[in-house]
Amino acid sequence: MDETSIIISGFGGQGTLFSGQVLAYAAMDNGLEVTWIPSYGPEMRGGTAHCTVIVSEEGIGSPLVRNPDVVLALNLPSVDKYEKLMPEGGVLIANSSLFNREIKRKDIVSLLIPANEIAERIGLSRLANMIMLGAMVALKPLLPLDAVKKALEEHIPDRHKKTLPMNYSAMDEGFELANKSN
């Protein structure tokens, strides 16, 4: 596996930073090199938030990413910002619940997922991030889905442990949607 850079971006409060942490922990727990860099907009809830995760089998030279290989865009401003920065062949997964336009680029792999609606159906509106993470694991299999689930279980705050079954369902739904799209 070459070095893979991932940006997870959305509004504050959508779990962008947490889903990046889960991915980073899963990579670490599976013996890979990893960086996780959070970034906040002017306010946490409602402002912009994103994180950069780099996963590699080798040492990582720089944690800075200009042209991300993978983007999980939980809102339209994130799609607008990162779609044009991705290299040819990159993977863009976007939460189509929050915008109504097609992905313009044809030289990248793109998947639109109505993550908010799926999360509501599962029973917890905050699960859009886990749906997107499950889809990413299907389209860019850096780690097995079970490894990501295990990292979530080991690193989720105790007060949220009761939501694990719904989080797993969310990851499974995203994974299945992405596999059907291939």
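**Note on helix packing and selected residues**

1. Helix α3 (residues 115–122) packs against helix α6 (residues 164–181) at an angle of about 140°, and their axes lie 10 Å apart. Helices here are DSSP runs of H or I with at least four residues, strands are runs of E with at least two, and both are numbered from the N terminus. Axes are lines fitted to C-alpha atoms, for helices over the stretch in contact, with angles from 0 to 180 degrees between N-to-C directions. The two helices α3 and α6 are therefore oblique to each other (under 35 degrees counts as roughly parallel, over 145 as roughly antiparallel, 65 to 115 as roughly perpendicular, and the rest as oblique).

2. On the α3 side the contact is formed by Ile118, Arg121 and Ile122, and on the α6 side by Met166, Ser169, Ala170, Glu173 and Leu177; contact means heavy atoms within 4.5 Å. By class, five of these residues are nonpolar, one is polar and two are charged (Ala, Val, Leu, Ile, Met, Phe, Trp, Tyr, Cys and Pro count as nonpolar; Asp, Glu, Lys and Arg as charged; the others, Gly among them, as polar).

3. The model is predicted: local features need pLDDT of at least 70 and side-chain atom pairs count only at pLDDT 80 or more, whereas totals for chains, interfaces and linings use all residues. Residues are numbered from 1 along each chain as its sequence is written, and side-chain values use heavy atoms, leaving out hydrogens and water.

4. The axes of α1 and helix α5 (residues 145–155) come within 8 Å and cross at roughly 110°, so these helices are roughly perpendicular to each other. Phe18, Val22, Tyr25, Ala26 and Asp29 of α1 meet Ala147, Val148, Ala151, Leu152, Glu154 and His155 of α5. This contact comprises eight nonpolar, one polar and two charged residues.

5. Tyr25 belongs to helix α1 (residues 16–29). Its relative accessible area is 30%, so Tyr25 is partly exposed (buried is under 20%, exposed over 50%, partly exposed in between, with a 1.4 Å probe and protein chains only). Leaving aside residues up to four places away in sequence, Tyr25 touches Ala151 and His155.

6. Helix α4 (residues 128–139) has 12 residues and spans 17 Å from its first C-alpha to its last, close to the 16 Å expected at 1.5 Å a residue; the expected span is 1.5 Å times one less than the number of residues. Because 12 of the 12 residues of α4 are buried, this helix is largely enclosed by the rest of the structure.

7. Thr52 lies in strand β3 (residues 48–56) and counts as buried because its relative accessibility is 9%.
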